[in-house]
Amino acid sequence: MGRKAKFTEGVIVKKGPGRKSKKQKDPIFKKELLADSNQPDRKLSRRQKLRLKKRQTKEQEAQSKRHNKNAQKQEKTKSENGIVEAGVSTGFTDSNKSWLKLKKSKQKQPIIENEDSSGDEDPVSDEESEVASDEDNDDNDEVNVSSLKDISSESDGDSDDDEDDDLLPIEKETKILKKKRDEDAKLAEEEMQLNIANQEVFEFPESENDGKQEVSNLQDVQARIKDVVMVLSDFNKLRQVNRSRSDYMKLLEGDLCTYYSYNEFLMERLMQLFPLTELLEFLEASEVQRPLTIRTNSLKTRRRDLAQALINRGVNLDPIGKWTKVGLVIYSSQVPVGATPEYLAGHYIIQGASSFLPVMALAPQENERILDMCAAPSGKASHIAAIMKNTGVLFVNDVNKDRVKAIVGNFHRLGVINSVISTVDGRKYPDVLKGFDRVLLDAPCSGSGVIAKDPSVKTSKDEQDIQRCFTLQRQLLLAAIDCLNAKSSTGGYIVYSTCSILPEENEAVVDYALRKRNVKLVDTGLEFGSDGFVNYRHFRFHPTMKLTKRFYPHSHNMDGFFVAKLKKFSNQIPKSQDDEVVEVLDTEEADVQNESETKETIEDGSNLGKNKRKRENNKNKSPTEEAKTQNNTRQISLNKKKKNKSNTSTINVEPTSISNKATPTNKKAKEKNNTKKDLEPNLKWNEIPQETATKLKKKMKKIQKKKQVGEIKKGNLNRHKKGNIRKTK
Ligand SMILES: C[S@@+](CC[C@H](N)C(=O)[O-])C[C@H]1O[C@@H](n2cnc3c(N)ncnc32)[C@H](O)[C@@H]1O
């Protein structure tokens, strides 16, 4: 195989002007680059000139140093050896050696260098001196850098310009950015120092009204809130020595009331409830409306179809979350959401996300008998009906006749056909019907969880309102439990819920029911939410209270809400002495009882203490054991009653209770005194405003009269009964 012939060899192919050669011109270099760098007339930049000058002065200095050293050495050797060698300089060798020593320490090549130069007494050449001076420069790197910095900072304008000329655009940009970043960091540092300084100078207002007048606008109030929170977060370090934590808390409470427009009562309760940072989050979140949410009525449509229909009408929506299959959140809408054809056809109901939770916890089953005791306007009741698929029977009740009308309207629209609607006081419901598989008690409450929806709650609630609420809630809960059938094959469950976040209306009510009835707390089945309180102020609730769920606007993005689920394990009602308190009273009596029960709770008197002790004794017992002890107490109390009957025919009535039950008959005067005593020890008249005191007194007189009449009647009855017994005997 021979080599291929190159036919083109020797023929010079003329390259045509290609695209590149057409466009690209010959490169043009800067003059300086082309110029010989060794040429003395080369143009140097200012900085280069400075460097050159510096190097030259350094060289001179180094040389003079060397001369001095040599001179000193020569003098030394002369004085040591007594020999004076005029005209012969050995100094360079020494200096050379010293340079070598320097090298030795730096480069760790002492042997070769030493060997090479050992005994060499040649004077150091110019080149070497150049190197030496360079080395010196290296040694003094730090000095050079700092001096360069100095130079640049001194002659900011010119040198920077010169430098910038040498830099690429991207380098220039990074330089500018770096400079800006440095400036920002410096500013931030200054601000921080200023904050620290301010923080240190926060002074507690000295005026008598604790500084209420010192802040004139909301911005100042806000600033002081921040300051006080800061002090409280590191109290030992930042406090003023003569001020206690409670002083700061009081100041903060006042400022928060001013800033967020709350009354002191509610703010105080909230401050007891939340840690400071969480409190601020709660207050902020309660200023913002919750997102508009709707629930698909699964009796009439599916969520997907409803969503599509609404999107077609210009509604911007999304599913609420993974935890519900029927909820939709509406971000914006081109049509009024409460008046679309879908709404009117009952395909959905406008309902807050938190309202889904109690029904989910109740977990209704098809074909059950379910009671919704306080149902109007029926958001939750219609949800229950939908889950039951219109099977079984849903008993829907509310004491308010006007609100019941809303139930009827809603049920018509939504197509609920398995319901019986009633208007009864829930507390009397067990007298009407019992034996339900499940009961929902969505109790009337203070509404402290729905402040965004109803801002009047901020200022309208006081101690008495809360007391009235929780007394009614307790009575309703016991009645609701009494309506339940513990032996239900599918249920025996009750869900208690409120839109309040106050433990008095939630955990305390459930705790009360745990003591009064054969029920135990069970898991709600809700996958999210915060645990219920076990400790709160002077209350200590049953440890199982953790099974209850709380929801907050700031952490769950829904209205404040409480849900507890209880299972009834016996239809028997344990009768303890305390039970006398729990009776269905007419409204007038209930009011007075509220007052007296309320007092009982405020003063944390004998009953609460007693109950607390009892609870602590039962704390480690299982529900059945607890039930046994409760039954025991019941027996004891019954025995006591029997004894009393046989001896004196009187029944011990709890000092706080006003009851319709049998009262002593034969000693009217004594009884009169007793009733008076029953009522009065708990009421401190001087603590009650005069108006309410006179009202209360009037009411009490009325009740006493009623009682006396009732007693006489009952007394007559008893006499008849006794007579009958005697007769039969
Ligand atoms: C929180 S609302 C119920 C809301 C309802 N569950 C819903 O989802 O639409 C409380 C209801 O309890 C009713 N209520 C108040 N006291 C009552 C009582 N003693 N017996 C029955 N219902 C009562 C009120 O009229 C009110 O409608």
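1. The protein chain holds 29 helices and 15 strands. Helices (H or I, at least four residues) and strands (E, at least two) are DSSP runs, numbered from the N terminus. Of the chain's 729 residues, 27% count as buried. A residue is buried if 20 or more other C-beta atoms lie within 10 Å of its own, exposed if 12 or fewer, and partly exposed in between, with C-beta atoms placed from the backbone. Among contacts with a separation of 6 or more, 72% join residues 24 or more positions apart. Two residues are in contact if their C-beta atoms, placed from the backbone, lie within 7 Å.

2. This is a predicted model: local features need pLDDT of at least 70, side-chain atom pairs count only at pLDDT 80 or more, and totals for chains, interfaces and linings use all residues. Residues are numbered from 1 along each chain as its sequence is written.

3. Check confidence before reading on. pLDDT is the predictor's confidence in each residue, from 0 to 100. The protein chain averages 72, and 60% of the residues score at least 70. Residues 7–11 stay under 50, and the model has one contact for them beyond four places in sequence. The pLDDT is also below 50 over residues 78–159. That stretch has 43 contacts in the model beyond near neighbours in sequence. Where pLDDT is low, the predicted coordinates should not be read in detail. For the complex, the predictor gives an ipTM of 0.99 and a pTM of 0.58.

4. Next come the helix pairs. Two packed helices are described by the angle between their axes and the distance between the axes. Axes are lines fitted to C-alpha atoms, for helices over the stretch in contact, and angles run from 0 to 180 degrees between N-to-C directions. Take helix H10 (residues 218–233) and H12: their axes come within 9 Å and cross at roughly 150 degrees. The crossing is left-handed. A crossing is left-handed if the near helix is turned anticlockwise from the far one by less than a right angle, and right-handed if clockwise. H10 contributes residues including Leu218, Val221, Ile225 and Val228, which meet H12 residues including Tyr248, Leu251, Leu252 and Tyr259. This contact has eleven nonpolar, two polar and two charged residues. Ala, Val, Leu, Ile, Met, Phe, Trp, Tyr, Cys and Pro count as nonpolar, Asp, Glu, Lys and Arg as charged, and the others, Gly among them, as polar.

5. Helix H12 (residues 245–260) also meets helix H13 (residues 264–273). Their axes come within 10 Å and cross at roughly 120 degrees. H12 and H13 are therefore oblique to each other. Angles under 35 degrees count as roughly parallel, over 145 as roughly antiparallel, 65 to 115 as roughly perpendicular and the rest as oblique. The crossing of H12 and H13 is right-handed. Glu253, Leu256 and Cys257 of H12 touch Glu264, Met267, Glu268 and Met271 of H13. By class, that is four nonpolar, no polar and three charged residues.

6. Look at the loop between H12 and H13, where Ser261 is found. Its phi is near 60 degrees, a positive value in a residue other than glycine. Ser261 counts as exposed, with 12 C-beta neighbours inside 10 Å. Ala363 has a positive phi too, of about 50 degrees, although it is not a glycine. Ala363 lies in the loop between helix H17 (356–362) and S5. With 16 C-beta neighbours inside 10 Å, Ala363 counts as partly exposed. Most residues other than glycine have a negative phi, and most peptide bonds are trans.

7. Pro377 sits in the loop between strand S5 (369–372) and H18. Ser382 is in helix H18 (residues 379–387). Ser382 counts as buried, with 28 C-beta neighbours inside 10 Å. Leaving aside neighbours within four places in sequence, Ser382 contacts Ile349, Asn410, Phe411, Leu414 and Val416.

8. The last pair is helix H22 (residues 463–483) with helix H23 (residues 507–516), whose axes come within 9 Å and cross at roughly 40 degrees. That makes H22 oblique to H23. Their crossing is right-handed. Residues in the contact include Phe470, Leu477 and Ile481 of H22 and Val509, Tyr512 and Ala513 of H23. The contact divides into eight nonpolar, one polar and two charged residues. Arg468 is also found in H22. Arg468 is partly exposed, with 18 other C-beta atoms within 10 Å.
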